[in-house]
Each structure stands twice: as structure tokens, then as C-alpha cells.
Amino acid sequence: MKLTDLTAHLDTLLRIRELPDYTPAVNGLQLANRPGEVSHVVAAVDATLPVVKKAIAAGADLLIVHHGMFWSGLQPWTGATFERLSLALENNLAIYSVHLPLDVHPQLGNNAQIAQAMQLQPSGGFLDYKGMAVGVTCEAKLPLEEVISRFTTALDGGRVHVCAAGPKITRKIGISSGGSGSEVAAAARAGVDTFITGEGPHWSYTLAEELGINVLYGGHYATETFGVKALAQHLQDQFGLPWTFVDHPTGL
């Protein structure tokens with residue numbers, strides 16, 4: 001498939017020209033390849049040097065990530081940064097990145113996919129960013145232990161760190177992947193009694209205790225594998241493109 005056709009489809013599907021994001025995200029095609037074609041997609045969370053090497057080893061000509069090549073901000077193309085770029089160019093590996101527009105996608109997004117994996121149905125949104133609700137809310141009357149079990153299963157048995165400072169029976173669950181743990185106060189203001197996220201600062205736990213809400217931390221990396229996998233599967237379903245997920249966890 002032509003790279004230009006594929007990226008045009010992704011840009012429209014994810015509304016990357018319409019939705020706001022952090023400046024370093026640079027959503028969309030970040031690096032083209034020389035033949036301008038795609039035959040094998042690799043999905044990953046981060047466009048780092050180890051991931052680029054794994055994508056090349058997997059035979060990919062397109063790498064789709066959540067955190068792109070410029071996530072750490074402006075930097076000179078030297079050292080590992082130069083090696084990453086040169087390896088991608090030499091092996092005709094295109095790189096496409098999508099951050100918040102993937103988080104918020106109603107079907108393929110990280111939060112929607114986590115909800116689906118937990119057998120929950122999103123009913124609203126919370127955590128405003130420039131007029132856009134980043135997280136999803138789900139009305140669900142469930143024992144907290146059941147919610148923890150479902151989240152653990154969704155993470156393939158990954159470790160869930162729990163601050164059980166809220167009710168033992170949930171009523172309104174909020175889901176926002178990645179580093180949204182710092183938004184504990186905003187979650188409480190939205191009426192969320194159980195906040196599912198990736199990671200948060202130390203004080204987010206103690207604040208949750210004071211506010212009386214549950215927080216389930218599943219890890220920044222682990223909670224952001226969902227969207228890129230769903231997006232790659234969409235491309236296979238839509239265009240017949242085979243895909244591989246490259247796992248490179250940070251443990252955070």
C-alpha cells in the first residue's frame with residue numbers, strides 16, 4: 001500500500017489536524033521511507049533506538065508509535081539520536097506517531113480499549129485538555145476487588161498498584177492511561193470514585209487518600225500498549241496489512 005494513502009487514512013481516522021496535543025507530539029508521519037510503500041506494520045509505544053532496531057529485525061517498513069521521535073524535545077542529531085535516524089533511513093522504515101488523538105479515539109483509543117478489556121462501557125468523559133475530554137468514565141456498580149481483578153487481567157497479569165481510599169463498591173470509574181495519575185483532584189471533581197491510570201507522582205497517592213477515592217496504577221507503558229495494537233489491527237482489517245507488536249517495556 002502507498003504510504004501517502006495509508007497516512008491520509010490515519011490522519012482522517014484519528015483527526016490529528018483537529019485535536020490538540022503537546023508540542024513535542026508532532027502527530028502524523030514523522031519520517032517517510034524511500035519506496036513510499038508499506039507492506040508490514042510494527043506497532044510499539046516509543047520510537048526509541050532499541051524499538052527501531054526491533055522493528056527493522058521484524059521486517060517492518062512502517063513503525064506506528066504513541067510517543068514519537070521528538071518526545072524528549074529538540075535535540076541535535078548526534079550519538080544515539082543520529083543512529084536511530086540513520087538506521088531507519090538505511091532500512092526504509094517510516095515512522096508514524098499519534099499521541100492524544102489515539103488516547104481519545106472512541107473505539108481504538110487506549111482508554112476505550114482498556115474499558116473494553118475490562119468489560120466496561122464508556123458513558124462520558126473527564127479530564128479536560130484544551131476543550132477535549134482525555135479520559136472516559138464508566139458507570140459500574142462493582143466490588144473494588146472485581147475492578148482490580150479485571151484491570152489486572154486486561155494488563156495480562158501485570159502488576160497493579162492500588163490506593164484503596166475510596167468506596168468498596170464502585171459507581172463511577174474513570175480511565176485515563178499513561179501519566180494521568182497527577183489528575184487525581186480533577187478525577188474527584190468529576191465524581192469519579194475509582195480512577196484507573198498508568199502512573200502518577202508520589203503525592204497523587206496521598207492526595208487520593210485525603211480525597212477519598214480509589215486509584216489503580218497499571219504503569220505508564222502497560223496502559224499505552226492498547227491503542228497502537230488496536231490501530232495496527234484496524235489496518236490489517238481494513239487493508240490486509242500484516243502487523244507485529246514490538247514489546248519494549250520500561251517497567252514504569
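# Two sheets in a predicted chain

In this predicted model, strand E6, which covers residues 132-143, is joined to strand E8 by 6 bridges, and the two strands run antiparallel. One place to look for this pairing is Glu 139, whose bridge partner in E8 is Lys 172. E8 also pairs with strand E9, over 4 bridges, but here the two strands run parallel. In this second pairing, Gly 174 stands opposite Phe 195 in E9.

These strands belong to an open sheet of 6 strands, in which the order is E5-E6-E8-E9-E10-E7 and the pairing is mixed. The strands at its edges are E5 and E7, each of which pairs on one side only. If direction is ignored, neighbouring strands of this sheet are turned by 25° against each other on average.

The loop between strand E7 (161-164) and strand E8 (169-176) contains Ala 165. Which residues does Ala 165 touch, if those up to four places away in sequence are not counted? Its contacts are Ala 208, Glu 209, Gly 212, Ile 213 and Asn 214. The C-alpha atoms of Ala 165 and Leu 207 are separated by 9.8 Å, although these residues are 42 residues apart along the chain. Ala 165 has a relative accessible area of 25%, so it is counted as partly exposed.

Phe 126 lies in strand E5 (residues 122-129) and Phe 195 in strand E9 (residues 194-197), so the pair ties together parts that are 69 residues apart in sequence. Are these two residues buried or exposed? Both Phe 126 and Phe 195 are buried.

A second open sheet has 5 strands in the order E1-E4-E3-E2-E11, again with mixed pairing. Strand E1 (28-31) and strand E11 (243-245) stand at its edges with a single partner strand each, and therefore one side of each is left without a neighbour in the sheet. Neighbouring strands of this sheet are turned by 25° against each other on average, with direction ignored. Within it, strand E2 (residues 41-43) and strand E3 (residues 62-65) run parallel and are joined by 3 bridges; Val 42, for example, has Leu 63 as its bridge partner in E3. Helix H1, which spans residues 3-14, packs on this sheet and touches E1, E3 and strand E4 (94-97), and its direction makes about 5° with that of E4.

Most residues other than glycine have a negative phi. Arg 15, however, has a phi near 55°, a positive value in a residue other than glycine, and Gln 119 likewise has a positive phi, of about 60°, although it is not a glycine. Arg 15 is found in the loop between H1 and E1, where it is partly exposed, with a relative accessible area of 40%. Gln 119 has its place in the loop between helix H5 (110-117) and E5, and its relative accessible area of 64% makes it exposed.

Finally, consider the chain as a whole, which has 10 helices and 11 strands. Its radius of gyration is 18 Å, close to the 18 Å that the globule rule gives for 252 residues, so the chain is as compact as a globular protein of that length. Along the principal axes, its C-alpha atoms fill a box of roughly 55 × 40 × 35 Å. Buried residues make up 52% of the 252 residues. Among the contacts with a separation of 6 or more, 67% are accounted for by residues 24 or more positions apart. The accessible surface comes to about 11,200 Å², and 53% of it belongs to carbon and sulfur atoms.

Definitions and conventions
Residues numbered from 1 in each chain as written. Predicted model: local features only at pLDDT ≥ 70, side-chain atom pairs only at ≥ 80, totals over all residues. Heavy atoms only, no water. Pairing = 2+ DSSP bridges. Axes fitted to C-alpha atoms, helices over the stretch in contact; angles between N-to-C directions. Contact = heavy atoms within 4.5 Å. Rg over C-alpha atoms; globule rule 2.2 N^0.38 Å. Buried < 20%, exposed > 50% of the residue type's maximum accessible area, 1.4 Å probe, protein only. Areas by Shrake-Rupley, 256 points an atom, 1.4 Å probe, with all protein chains shown as cover.
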